[in-house]
Amino acid sequence: MTKLLQQAIAQIQKLPPDQQDAIAARFLAELQDEQKWETCFATTTDDQWDQMVAMVRQEIAAGETVPLDEVFPPQK
């Protein structure tokens, strides 16, 4: 276990049980979600990646996309 994880667990242990359970539930959900993404990426074929690239290029060419700066404005 890393030192940072040990520090986080030590802080969590100071909380009431219901708060500990809430944090644990969020953490477990995040781990499960991460595993799903890893599986999805690992099983995506080169042909599927090529299809996605072609779709994105079509959307860009058709003006169906929004610049990232509009979605995530720069922080000042």
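Author: Let's start with a term: a residue is buried when its relative accessible area is under 20%, exposed when the value is over 50%, and partly exposed in between, using a 1.4 Å probe and protein chains only. This is a predicted model, where local features need pLDDT of at least 70 and side-chain atom pairs count only at pLDDT 80 or more, while totals for chains, interfaces and linings use all residues. Residues are numbered from 1 along each chain as its sequence is written, and side-chain values use heavy atoms, with hydrogens and water left out.

Reader: Is Thr44 buried or exposed, then?

Author: Thr44 is buried, because its relative accessibility is 16%. You will find Thr44 in the loop between α2 and α3 (46-61). Helices here are DSSP runs of H or I with at least four residues, numbered from the N terminus.

Reader: Which backbone oxygen does the side chain of Thr44 reach?

Author: A polar contact is a pair of N or O atoms within 3.5 Å; within protein, one must be able to donate a hydrogen and the other to accept it, and residues adjacent in sequence count only if both atoms are side-chain atoms. Here, the Thr44 side chain reaches the backbone oxygen of Cys40 at 2.6 Å.

Reader: What is a patch, and which residues form the nonpolar one?

Author: Nonpolar side chains (Val, Leu, Ile, Met, Phe, Trp, Tyr) are joined within 5 Å, and like charges within 9 Å. In this model, Met1, Leu5, Ile9, Phe27, Leu28 and Leu31 make up the nonpolar patch, with about 600 Å² of accessible area together. Both α1 (3-13) and α2 give two or more residues to the patch, and the largest share, three residues, comes from α2. Met1 sits in the segment before α1 and counts as exposed because its relative accessibility is 68%.

Reader: Which residues form the negative patch?

Author: Those are Glu30, Asp33, Glu34 and Glu38. Glu38 belongs to helix α2 (residues 17-43), and its 45% relative accessibility is why Glu38 counts as partly exposed.

Reader: How far apart in space are Gln58 and Gln19?

Author: They are 47 Å apart, C-alpha to C-alpha, and 39 residues apart in sequence. Gln58 lies in helix α3.

Definitions and conventions. Patch = residues over 30% accessible without salt bridge, like charges linked within 9 Å, V, L, I, M, F, W, Y side chains within 5 Å. Areas by Shrake-Rupley, 256 points an atom, 1.4 Å probe, with all protein chains shown as cover. Salt bridge = Lys/Arg side-chain N within 4 Å of Asp/Glu carboxyl O. Lys, Arg positive; Asp, Glu negative; His and termini not counted. Charge placed at Lys NZ, Arg CZ, Asp CG, Glu CD.
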